[in-house]
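This report describes the helical packing and the principal pocket of the structure shown below.

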Amino acid sequence: MDYTFQYGQVWPYLPYFLKGAWISLQIAFLAFCGGMLIGTFCAAIKTFGGGILRRSVNAYVVFFVNTPQLVQIYFLYFALPDMGIYLSSYMAVLLGMTLNAGAYLTEIQRAGFESRRQSEMEAAEVLGFTRWQQIRYVILPHVAKVLFPPLSNHYILMTLGTSMAAIFGVEELTGRAFNVNSETFRSLEVFTVVAVIYVFVTLAASVALALFGRFAFRAKMRVV
């Protein structure tokens with residue numbers, strides 16, 4: 001193998017890559033927040049709702065958990081126009097990731113709701129806590145501590161999953177790597193640099209989430 005590394009052709013594009021990484025973080029953050037709203041609502045229905053609503057939520061979760069996220073986005077981007085609904089590539093990716101996240105976060109949050117201790121609820125009632133006080137001082141602290149680690153892990157996975165947006169022409173980090181590679185034809189150098197950026201982004205997010213979880217919820221999380 002006679003290959004000469006020429007990173008000098010790639011370094012000038014570093015600011016361009018970092019802007020793409022920022023777009024990746026934006027997509028992941030917005031999709032996660034939307035998924036959290038969907039997940040909280042659906043988890044509440046699965047835990048406290050009636051039969052018809054619970055079955056509807058189960059159908060939603062089963063569909064989005066058992067089909068590839070890429071196929072879901074393909075449907076939004078290529079199939080909806082046949083019905084007169086047109087989405088930009090960015091919106092199709094964002095909506096697809098949000099709906100997919102909502103299904104997974106439904107199950108994560110449902111497990112958190114069901115982990116609450118009945119003995120703590122009974123103790124709160126004996127002490128005369130109102131329903132709001134039970135939620136504020138008993139349910140939320142316990143659920144937040146239990147849920148924060150798996151929610152953080154899912155957020156990191158979603159950040160890495162934004163790379164599929166490149167398939168639809170979104171210029172996030174991987175999409176910009178494709179652009180630079182088509183100009184320089186230095187595939188090894190380009191994707192090595194991009195891989196390192198992904199490592200730094202995910203490590204930084206992991207550390208920030210772990211520190212926040214320890215401080216805010218006393219969650220047991222490793223800082224890398």
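## Largest pocket and helix packing

Helix α6 makes the greatest contribution to the lining of the largest pocket, supplying 7 residues. The model discussed here is predicted. Four helices, α1 (14-48), α4 (89-114), α6 (131-161) and α8 (187-217), each provide at least two residues of that lining.

The largest pocket has a volume of about 370 Å³. Its lining comprises 16 residues, of which Phe32, Met36, Phe148, Leu151 and Phe217 lie closest to the pocket centre. By class, the lining of the largest pocket contains 13 nonpolar and 3 polar residues, with no charged residue.

In sequence order, the chain reads α-α-α-α-α-α-α-α. Along the principal axes, the C-alpha atoms of the chain occupy a box of roughly 75 × 45 × 30 Å.

Two helix pairs, both involving α8, are set out in the table.

| Helix pair | Angle between axes | Axis separation |
|---|---|---|
| α7 and α8 | about 160° | 9 Å |
| α1 and α8 | roughly 45° | within 11 Å |

How are α7 and α8 oriented relative to each other? Helix α7 covers residues 173-184, and its angle to α8 is about 160°. Angles over 145 degrees count as roughly antiparallel, and α7 and α8 are therefore roughly antiparallel to each other. The crossing of these two helices is right-handed. On the α7 side, the contact is formed by Leu173, Thr174, Ala177, Phe178, Val180, Asn181 and Thr184, while α8 contributes Ser187, Val190, Phe191, Val194, Ile197 and Tyr198. The residues in the contact of α7 with α8 comprise 9 nonpolar and 4 polar, with no charged residue.

For the second pair, the axes of α1 and α8 cross at roughly 45°, which makes α1 oblique to α8. Helix α1 also passes α8 in a right-handed crossing. Here Leu14, Phe17, Leu18, Ala21, Ser24 and Leu25 of α1 meet Val190, Val193, Val194, Ile197, Tyr198 and Val201 of α8. The contact of α1 with α8 consists of 11 nonpolar residues and 1 polar residue, and no charged residue takes part.

How values were computed:
Residues numbered from 1 in each chain as written. Predicted model: local features only at pLDDT ≥ 70, side-chain atom pairs only at ≥ 80, totals over all residues. Heavy atoms only, no water. 1 Å grid on protein atoms, 1.4 Å probe; cavity = no way out; pocket = protein on both sides within 12 Å on 5 of 7 lines; lining within 4 Å. Points joined across faces, edges and corners; volume = space filled by probe spheres on them. Nonpolar A, V, L, I, M, F, W, Y, C, P; charged D, E, K, R; others polar. Axes fitted to C-alpha atoms, helices over the stretch in contact; angles between N-to-C directions. Parallel < 35°, antiparallel > 145°, perpendicular 65-115°, else oblique. Left-handed = near helix turned anticlockwise from the far one by under 90°. Contact = heavy atoms within 4.5 Å.
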